Amino acid sequence: MIAWFLRRLLQMVLVVLGVVTLAFIFSNIVPGNPARLVAGPQATPQAVQLIAHQLGLDRPVLSQYLQYMWRLLHGNLGVSYALEDRTVSSEIMGALPFTIQLAIGGVLVEILIGLPIGIIAAYRAGGFLDRALNIVALVGLSMPPFWLGLMLLYYLAYKVSLFPLNGTGHPLVWYLVLPSFTLGIGGAAFYARMVRTTMISVLRSPFIEFARLKGMPERRIIFRHTLRHVLTPVVTMLGMDLGYFLGGVLIIESVFGLPGVGLLAYSAIGTLDIPMITGTVLVAAVFVVVMNFVVDVTYTLIDPRVRLSRR
Amino acid sequence: MSQVPTPQQAPTTPPGGAPAGAPAGVHAVEVTDLAVHFRVRRGLGSVHTVRAVDGVSFTVGRGETLGIAGESGSGKSTIARALVQIHRPTAGSMRVGGREAVGLRGSALRAYRRRMQMVYQDPYDSLDPRMNVLRTIGEGLSVRGVARAEHRRQAAELLERVRLPETLLTRYPGQLSGGQRQRVSIARALAVQPEVIVCDEAVAALDVSIRAQILNLLKDIQQDSGISYLFISHDLSTLRFLADRVAIMYLGRIVEHGTATTVFAEPQHPYTQALIAAVPEVRTARVGSRPMLAGEPPDPASPPSGCAFHPRCPRATDVCRTTAPALRRKASGSLAACHHAADAPGGTA
Amino acid sequence: MSTAPMSSPLLETAAAEPTAVTDPHFVRVALRSLRRNKVAALSVFVILVLAIVAIFAPLLAPHDPLHTFPSGLSNQGAPMPPGGKFLLGTDESGRDVLSRLIFGARVSLLVGVIATGLASLIGVLVGTIAGYAGGIIESILMRITDVVMSFPLLLFCIALIAVTGPSTRNVVMVIAFGYWTYLARIVRSLVLSLKEREFVTAAKTLGVPDLTILRRHILPHLAPAIVVYTTLGIASSIMIEASLSYLGIGVPLPQASWGQMINSGQQYYQTAPWLLIAPGICLILTVLSFNLAGDWLTDLLDPSDEVTRR
């Protein structure tokens, strides 16, 4: 078990190393001279050269790479090209609370909508309700989140002033409702389908049959026996979702004007602020890797069957 | 069942044995001290060696059938897979038609493979479900260099040899029964005109009635073409029907080896006796009904000391726990590895 | 038993019907299944219509999608609502929305199909090599896959586009470069289990060369999985293209793309909501159709069953 853990840990470290390297490659394949971008169009060649020197761009790639790694080890993601004198890490730290709020909201939407739909569909498997819900779920998966966000804004904030149009207004949770819904609806659809499949196979298993034969009431069968089996994979996936949300928030935050990490990255795209873009992407990717690891380990600790099948 | 040989197809199906260059009188297969070890990783850094096959020697004569029996995990299937070079032997020598086969690579290996074919246990898995019978057999014909235009005719002839109608050529495996599939499997092996066919539990997955048909077919093919079989089975009654000689394996080693008649009539090793006692159809008066085998075969990664069979052996004594018995000629005429079986007068293996 | 030795094997009960994919009359099976499954039939129909619209866009569009019509803007310079000369209204520059939608279908399908095709090609190649070769080659390829997969797909594409610059070609490349990992993982695990099947071992012992085994015995069995995941992949690719274009780093102006139409229309959403609604519905319909078709193909082809069935 310890051996497996160590091997898994080593694997995670390797992947993180790869992720960092790929991020470094990203920031180095920029066509044109980044120093020129930083200096601005009117800068003299001398100024450009000076900035290139400050950024370390005049040194060999390998030494740049090593320096990059060294800085990363100290939590330093570099300095923003666009926002002078601001480090990428401090900007991300400042924006993170909003993104975390939004991510939690998204997870809540996923669970509160996805689970019940999945359970109902499984219970009516093959019937009209099941097929209708399946199509609804697929529509949810097929809806571009930015479009859904705009539509919600148009109908629920502009036409009917139910929700604030923009930003982080004071009634603490109110401004989060629409963004969370937009963020979570795709995942909710995904979970509905997943829960349905798991639930159907659990409901067909012999121990449920036995519980029925004993005359156990249906409601207790669902809540006492079935849900436990259905929830394990859901919880696993949710852990990883938090990481993948960092991709989704970019769109959602720019639609709703929430000052989170996503909006940070979005504005960095506009100004071609490479350190900021790669910085946010790197943070998201590392987060996904670590989350994967944590989920894998807890899953193995909880469920001994997984451990055995891994050898 | 069918005692009548099939009509001999002289020009297209020459007797499979005796390639022109091989010296006469040499065994079809001659295996000496064959060992196949696997490295199994258990946890970080600790690597165990599993001696799946450990120092096994035997020969198969031309037109002869050697049966290999043993429980699962005894290494009998590993021998089969080593012979057709799916597993690489760790040590030892395998000579086929007098020529060394260990260490072959590239085109020499492919040439070797044509001489040694295999018929598999699972008739539902050994044929590609996406290829019809013609293409399946054609694959073997192509390997032998038969022109594509010839495939249909030769495939039809091969089907006739395994007693299937030509109309099946366009069928897919999903449209065939288990017995038909196994016949196609045999036809595919025959397509490359091998000298030896290794049958790995080739009839184990079939219904009893169909099993007899396939065994008869194999016998007929042997009579027609002088092909040799290495027949691997856990089923002793099958071996008694088909094999000229039998080798009994336990934990990677041969524990008894002799003519089928002698081994079944006078089993020397307690393990052989237990195996025979477990099968009513082959049990003879002399063996009687001994107690059934108790317990499971030991973990091949950590075999017991001394004689590997001693933890399960009713006759085990102190010497069995400390010293591994050698394979010696016993009074019955068979070779056996047991301290308690009487040696043949003055004979060693 | 000297008479008719051939008759006995034929008396054995012929086993199971062939599955959908081994059936030579696959098209007929598919059509029959579509007749029963109305939703799937509708999605296939929508995809066909989209393909026709995309191919014949210049013939079908009522106007030039790039042309700025003076009559396309009101006196106050606002977009014209649907009706009259412009069936679905005009955008903020006075261009015909319907024509732009029609040409947008071209972009979406083109990007979706080419990007997914490329991704499938890379994915199948990497997955097959990793699965068949095993050992160190497999470890290296799969760790690379892990690394790329760690990036949330959309973020990965955004970062790559941000540094390579937006262009239709780059959008295709970036999506392909991010999406191949999914197929690579699936294909690898399929190849791993196919490799253990006895018909592969049988071909090996016959002396069939490795490349021929791959082509003859492995690749055909991957086909159902490739078909299913490519169909679903087109849906994802179209979605990513739309997202990139919405963020302004996808298909560059003035070329019409649905995502970018939503982007430029959002400033007017209060006065001209049709600028958002029309392209949005096109997107949903397209992505939904590919997802539904993928679902249907999964049921029809059952890609995992094809490999593990014994």
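Reply: A crossing of two helices is left-handed if the near helix is turned anticlockwise from the far one by less than a right angle, and right-handed if clockwise. The model is predicted, so local features need pLDDT of at least 70 and side-chain atom pairs count only at pLDDT 80 or more, while totals for chains, interfaces and linings use all residues. Residues are numbered from 1 along each chain as its sequence is written, with chains lettered from A and ligands numbered from 1 in the order in which they are written.

Me: What is the handedness of the crossing of H7(C) and H8(C)?

Reply: The crossing of H7(C) and H8(C) is right-handed, which by the definition means that the near helix is turned clockwise from the far one. Both are DSSP runs (helices are H or I, at least four residues; strands are E, at least two; numbering is from the N terminus).

Me: Why are H7(C) and H8(C) called oblique?

Reply: The axes of H7 (residues 153–164) and H8 (residues 168–195) of chain C cross at roughly 140 degrees and come within 9 Å. Angles under 35 degrees count as roughly parallel, over 145 as roughly antiparallel, 65 to 115 as roughly perpendicular and the rest as oblique, and therefore H7(C) and H8(C) are oblique.

Me: Which helix gives the most to the side of chain C that touches chain A?

Reply: Between these chains, 38 residues of chain C are in contact with 39 residues of chain A, and H7(C) gives the most to that side of chain C, with nine residues. That side divides into 28 nonpolar, eight polar and two charged residues.

Me: What makes E6 and E11 of chain B edge strands?

Reply: Two strands pair if DSSP finds at least two bridges between them. Eight strands of chain B form an open sheet with mixed pairing, in the order E6-E7-E8-E3-E9-E10-E12-E11, and E6 (116–119) and E11 (328–329) each pair on one side only. Within it, E9 (residues 245–250) and E10 (residues 253–259) of chain B pair in the antiparallel sense over six bridges.

Me: Where in chain B does pLDDT stay under 50?

Reply: pLDDT, the predictor's confidence in each residue from 0 to 100, averages 79 in chain B, but stays under 50 over residues 1–24 of chain B.

Notes
Contact = placed C-beta atoms within 7 Å. Axes fitted to C-alpha atoms, helices over the stretch in contact; angles between N-to-C directions. Nonpolar A, V, L, I, M, F, W, Y, C, P; charged D, E, K, R; others polar.
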